[in-house]
There are 2 protein chains.
Amino acid sequence: MAKFQVNILGCGSATPTLRHQPSCQVIDFRDRLMMIDCGEGAQLQMRRMRLKFSRLNHIFISHLHGDHFLGLPGLLSTMALHDTGGSVTVHVLKEGADILRRIMDVFCRDTSFEIIYDIIRPERRVLLDEASFTVETFPLYHRVPAVGFIFREKPKLRHINGEMVRFYEVPVSKIQEIRSGHDFITADGRVIPNERLTTPAEPAVSYAYCSDTAFDKRVAEDVRGVDTIYHEATYLEDCAAKASSRGHSTAFQAGEIATLAGARRLILGHYSKRYEDLAPFVEEAARSFAGDIIAADEGMKIDLL
Amino acid sequence: MAKFQVNILGCGSATPTLRHQPSCQVIDFRDRLMMIDCGEGAQLQMRRMRLKFSRLNHIFISHLHGDHFLGLPGLLSTMALHDTGGSVTVHVLKEGADILRRIMDVFCRDTSFEIIYDIIRPERRVLLDEASFTVETFPLYHRVPAVGFIFREKPKLRHINGEMVRFYEVPVSKIQEIRSGHDFITADGRVIPNERLTTPAEPAVSYAYCSDTAFDKRVAEDVRGVDTIYHEATYLEDCAAKASSRGHSTAFQAGEIATLAGARRLILGHYSKRYEDLAPFVEEAARSFAGDIIAADEGMKIDLL
């Protein structure tokens, strides 16, 4: 049940090719699915990866370029067609909500499926605050307004030391409190420190999505302390000038951001179609980042825990 | 060089599945490409079938359902990105042109690629009249306004009988006229009948696209005399009631239309996702049509000559 995975549905850029699909990821958080970006073909990738439409309740769109958006009308139409009275929330910039509403008015009439539009902006803000996780936005630095997302587990409960709990005769009603970190007070007023009754919880894990963006140290500041960072690496350093002029990053720069942010792991993606081989991306990022590096590829399920 | 082919890019219905792509065909007429309908993923199917974007100058959209339209924004964005100063004409119902313009305004700024919008209606009309072929529209009978298309080769030139042409000393300047069917008049005023100088041309071939539509005899009237008919067969006869209520046809009904129209060949497609196997479609249509029957499948190139 403790699951926090990122599914790579697409990690190419600009246009779909036979090598890579355009941007799309699905976070699987304890069987709740949340999509980030939705390039053309995303719905078919959902089927290929056996991700259930019915479990998808949130879609986050980073910016309004076709390779991050144009799979959305088709995906939502299909969800509406399969509708069992559900709804989905699309978190998107205002202009994206406006055009999506118009498209759905033309292509998705006569359905009870509800699309909720949540207007986001390139700013630091907590978008979603659920029982076990939060989703936050932060600004990216692309040719058009762009938004990054952080998915953060809330602190987890500590593990009960069964032997000690029995020894101190802790009633069941107190267990949740103790798992949250409180000390236990016995019937005769003795304080039993929490550390004697529990062992530490697994660390709360977090994931940041940084695409599309130019290299910018403000991104590292905004994602500081995040466990795993997905950072676009549209180019290698041989195209650093092109990366900069187009508001994109190189693999080396993605590594720099991960280092500055103190991340444990870096996932690379959004590759330009000029590159066939992914190994050079990892090699280049390894020159600026000492942690784990994964070159995203379609079909990958990356465990974040 | 004499080429008149239909490429099947997608022949499923409603939503893309791992078995079938949504509707899309490309007519290859002597290396000029014309697309009919453009479901999501059409641009990727173009790449798979090695059809060149640069050769595509006309796109015809039959009606405004997502499975016939939603690949268009992505395809046009990609064509704009590859732009070498070209243009494409999209023949589409007015509401489709309106929404497409809006979408392209958001997702395809800053390009010199020109999209020409040609507003069509469900009516009999010659849309395109080119040197060697015409494209005509006619009404279909679906839940929403829908348009069928007929692609017609113009009559071809007769073949010169070289021996006779030399015998009668026909000057080169007269050859084109004679290939068109005229008699030849010798210097001394004798009339040489055309049949003595030429052999017949290959017959002019035609292709009609009838999707989506309910079974309606008016369709057969409008495509009477067409050589090859593509007619939707969303269902088999076991779902005839559903076909009728949703403005679709069965394979048996598609065969009836082909028979009424006097066609030589019938291509079936737009299969509901409830069917895996295509053989029953051909078997059923063969009960109402005695000509050639082809069950369309993705990747097929069907020679119309």
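The questions and answers below concern a predicted model with chains A and B.

Reader: By what turn can chain A be laid on chain B?
Author: In this predicted model, the superposition of chain A on chain B has an RMSD of 0.1 Å and involves a shift of 0.0 Å along the axis.

Reader: Which helix supplies the largest share of the side of chain A that touches chain B?
Author: The contact takes 27 residues from chain A and 27 residues from chain B, and 100% of the contact residues of chain A recur in chain B. On the side of chain A that touches chain B, α1 (42–48), α2 (66–69), α3 (72–81) and α4 (94–107) of chain A each supply at least two residues. By class, that side of chain A has 13 nonpolar, nine polar and five charged residues. The largest share, six residues, comes from α4(A).

Reader: Which strands stand at the edges of the open sheet in chain B?
Author: Seven strands form this open sheet of chain B, with mixed pairing, in the order β7-β8-β9-β14-β15-β16-β17. The twist from one strand to the next averages 20 degrees. Each edge strand has a single partner strand, so one side of each is left without a neighbour in the sheet; these strands of chain B are β7 (125–129) and β17 (292–295).

Reader: Which helix of chain B packs on the sheet, touching β16 and β17 of chain B?
Author: Strand β16 (residues 265–269) of chain B runs parallel to β15 (residues 228–232) of chain B, with five bridges between them, and B:Leu268 in β16(B) stands opposite B:His231. Helix α10 (residues 251–261) of chain B lies across β15 and β16 of chain B, at about 150 degrees to β15(B). The helix that touches β16 and β17 of chain B has a direction making about 155 degrees with that of β17(B), and this helix is α11 (residues 279–286) of chain B.

Technical notes:
Residues are numbered from 1 along each chain as its sequence is written. Chains are lettered from A and ligands numbered from 1 in the order in which they are written. This is a predicted model: local features need pLDDT of at least 70, side-chain atom pairs count only at pLDDT 80 or more; totals for chains, interfaces and linings use all residues. Two residues are in contact if their C-beta atoms, placed from the backbone, lie within 7 Å. Helices (H or I, at least four residues) and strands (E, at least two) are DSSP runs, numbered from the N terminus. Ala, Val, Leu, Ile, Met, Phe, Trp, Tyr, Cys and Pro count as nonpolar, Asp, Glu, Lys and Arg as charged, and the others, Gly among them, as polar. Two strands pair if DSSP finds at least two bridges between them. Axes are lines fitted to C-alpha atoms, for helices over the stretch in contact, and angles run from 0 to 180 degrees between N-to-C directions. Copies are superposed by least squares on the C-alpha atoms of residues with pLDDT of at least 70 in both.
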